[in-house]
Amino acid sequence: MSRPVAFITGASRGIGAVTALEFARHGYDLVLTARTLKEGEQHEYGSWESTTTALPGSLESTAAAAREFGSEVLLLRSDILDTASVLAAADQALTHFGKVDVLFNNACYQGPGNMQRVLEVELDQVEKIYRGNVLTPLALVQKLLPGMLERNSGAVINMVSGSALSDPPAPADEGGWGFAYPSSKAALIRMMPSLRVEHKASDIRFFSVEPGFVLTEVMKANGFDDKIAARFNPTPPQAIADIVYWLASDGAALEQHHRAVIFAPQLHKKLFGEAK
């Protein structure tokens, strides 16, 4: 019997990398995509303005750790702003493994436009946000879901954001958030209810996961430090990984299948206790 395969975007660091290791720990082979293949590569980041820098983490580092659990790992450099590159990665995954059992749309756009006010955000920035956060995840679902439906088995899990569900407490530059990024995540949230009703006779799992506040390397590059993060009671990436794997694999997770959004910190506390 072949091993299950998980396809994870944004797997070079943070939630994506930790989730990849969680699936590897449980016997999955992996397809990992991101922009950063090797340590030390520089890319553009910055929600306020674009800066080029190298952040800790890479696909190669994630793969090395996953292989310690016996996983076969396919590394594919791709960029969610280049949908064709992500679809090419999906094609390579299907050619190599013959299937994908779990799709985790984790990567999101992390450039300028995310935190600008409505009158200041540029239309080309909004187009990039929607390309990375809505159109590319949709394209991956369209590519990989048909195989799951043929086998009547699998899971599609999208990473969303609490900012899509709540009014900002202040403008983005005064401690709140902007319009473009939350609206893109709100659009992504609407995908799962549609998939559930369109494929209600199948056994495929469709979940949107809200991670709470997670202090990532990108956020640190944008000026967040441990002292600032402590005000928000940050969620450890491992807690998100625990929930994503549980949703994809545990029979009890089907009791959550009607929920529009899974709030990972709260569910983790209920299932596993306080995250460390």
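The model is a predicted one, and its chain holds 10 helices and nine strands. Of the 276 residues in the chain, 51% count as buried. Among the contacts with a separation of 6 or more, 71% are between residues 24 or more positions apart.

**Nonpolar cores**

- The largest nonpolar core has 35 residues, of which Ile 8, Phe 23, Leu 30, Leu 32, Ile 157 and Leu 247 touch the most other members; the largest share of this core, seven residues, is supplied by helix 9.
- When residues up to four places away in sequence are left out of the count, Leu 247 touches Ile 157, Arg 205, Phe 207, Val 209, Ala 253 and Ile 262.

- Within helix 10, which spans residues 264–272, the buried residues are Ala 264, Leu 267 and His 268; because they cover an arc of only 100° around the axis, they lie on the same side of the helix.
- An α-helix has 3.6 residues a turn, so residues three or four places apart point the same way.
- Gln 266, Lys 269 and Lys 270 are exposed on the other side of helix 10.
- The cover over the buried residues of helix 10 includes strand 8 (205–210), helix 9 (237–249) and strand 9 (262–263).
- After helix 10 comes Gly 273, which has a positive phi, near 90°.

**Surface**

- The chain exposes about 12800 Å², and carbon and sulfur atoms supply 53% of that area.
- Val 118, Leu 119 and Phe 179 together make a nonpolar surface patch of about 380 Å².
- Leu 119, one of the residues of this patch, is placed in the loop between strand 6 (102–105) and helix 4 (123–151).
- Leu 119 counts as exposed because its relative accessibility is 86%, and the cut-off for that class is over 50% relative accessible area.

Conventions:
Residues numbered from 1 in each chain as written. Predicted model: local features only at pLDDT ≥ 70, side-chain atom pairs only at ≥ 80, totals over all residues. Heavy atoms only, no water. Patch = residues over 30% accessible without salt bridge, like charges linked within 9 Å, V, L, I, M, F, W, Y side chains within 5 Å. Areas by Shrake-Rupley, 256 points an atom, 1.4 Å probe, with all protein chains shown as cover. Salt bridge = Lys/Arg side-chain N within 4 Å of Asp/Glu carboxyl O. Helix = DSSP H or I, 4+ residues; strand = E, 2+ residues; numbered from the N terminus. Buried < 20%, exposed > 50% of the residue type's maximum accessible area, 1.4 Å probe, protein only. Arc of directions from axis to C-beta. Contact = heavy atoms within 4.5 Å. Core = buried A, V, L, I, M, F, W, Y, C linked by side-chain atoms within 4.5 Å.
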